[in-house]
Amino acid sequence: MEAVPTLNDLVGGVEVTLLEDFTHFDPTMVKGETMTLRGEQALQYVQLRKGLEDQTNSTRMERQQQYVNALYDKFKSCMSSNEGFAAEALAEVSDQIVSDRSITQLEALAEKFNEYTFLGIRELSGTSKVVEDLMEFYPSSASIQQTVIDLFYKPED
């Protein structure tokens, strides 16, 4: 999560329509407004849930999905217009990430990123409930089974 502000600013900020009211943390972050998140605003947007109207993880995950989709588009755009962007981005976040890959391997992976077709983010259905002051999520068996089938099985011709 430490790398979110850095990556966010490397792509020139990420535009989103705010799904929650963050004015308690930043008076410019009003629910429903479309704004370009900068630095720590991006981290707050994807990380915070305490102090917000809806403090569930489901709402935070919705914001994270929205943000990741927008960041993905900006990152691809930056890579298309600057062939050295992936290497620059890796150099900027190298102190904030942990990987068992070398910088060269990560750069090669980042270059393949530009060829990748983003298929969206999968979400399991289920129920949430508060247990001992913590929100817990229980995915449905059918949702798990369908997700496994969708991701790992191909129909026979």
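Predicted model: local features only at pLDDT ≥ 70, side-chain atom pairs only at ≥ 80, totals over all residues.
**Exercise 1. Find the loop that holds Thr23, and decide whether Thr23 counts as buried, partly exposed or exposed.**

*Solution.* Start with the location: Thr23 sits in the loop between β1 and β2. Here helices (H or I, at least four residues) and strands (E, at least two) are DSSP runs, numbered from the N terminus. Next, take the accessibility: Thr23 counts as partly exposed because its relative accessibility is 31%, where buried means under 20% relative accessible area, exposed over 50%, and partly exposed in between (1.4 Å probe, protein chains only). Finally, list its partners: leaving aside neighbours within four places in sequence, Thr23 is in contact (heavy atoms within 4.5 Å) with Met29 and Val30.

Residues are numbered from 1 along each chain as its sequence is written, and side-chain values use heavy atoms, with hydrogens and water left out.

**Exercise 2. Describe the overall layout of the protein.**

*Solution.* Count the elements: there are 6 helices and 4 strands. Then read along the sequence, which gives α-β-β-α-α-α-α-β-β-α. For the dimensions, the C-alpha atoms fill a box of roughly 55 × 45 × 30 Å along the principal axes. Of the 157 residues, 27% are buried. Among contacts with a separation of 6 or more, 48% link residues 24 or more positions apart.

**Exercise 3. Work out which residues and elements build the largest nonpolar core.**

*Solution.* A nonpolar core is a set of buried Ala, Val, Leu, Ile, Met, Phe, Trp, Tyr and Cys residues joined through side-chain atoms within 4.5 Å. The largest one has 25 residues, and Leu37, Tyr45 and Tyr67 touch the most other members. Two or more residues come from each of β1 (14-17), β2 (34-37), α2 (40-47), α3, α4 and α5. The largest share, 6 residues, belongs to α3. Now look around Tyr45: beyond four places in sequence, its contacts include Val16, Leu37, Arg63 and Tyr67.

**Exercise 4. Compare the linings of the two largest pockets by class.**

*Solution.* On a 1 Å grid over the protein atoms alone, where a 1.4 Å probe fits, a pocket is an open set of points with protein on both sides within 12 Å along at least five of seven lines; lining residues have an atom within 4 Å of a point. Grid points are joined across faces, edges and corners, and a volume is the space filled by probe spheres set on the points.

- The largest pocket has a volume of about 580 Å³. Of its 21 lining residues, Leu7, Leu71, Phe75, Leu90 and Phe113 are the closest to its centre. At least two lining residues come from each of α1 (3-10), α3 (57-81), α4 (85-93) and α5 (103-113).
- The second largest pocket has a volume of about 200 Å³. Its lining includes Asn57, Arg122 and Phe137, and α3 gives the largest share, 4 residues.

For the classes, Ala, Val, Leu, Ile, Met, Phe, Trp, Tyr, Cys and Pro count as nonpolar, Asp, Glu, Lys and Arg as charged, and the others, Gly among them, as polar. The largest pocket's lining has 18 nonpolar, 2 polar and 1 charged residues, whereas the second largest pocket's lining has 4 nonpolar, 4 polar and 3 charged.

**Exercise 5. Trace the pairing of β3 with β4.**

*Solution.* Strands pair if DSSP finds at least two bridges between them; β3 (residues 126-131) and β4 run antiparallel, joined by 6 bridges. Gly126 stands opposite Pro139 in β4. The two strands form a hairpin with 2 residues between them, and Glu132 in the turn has a positive phi of about 50 degrees.
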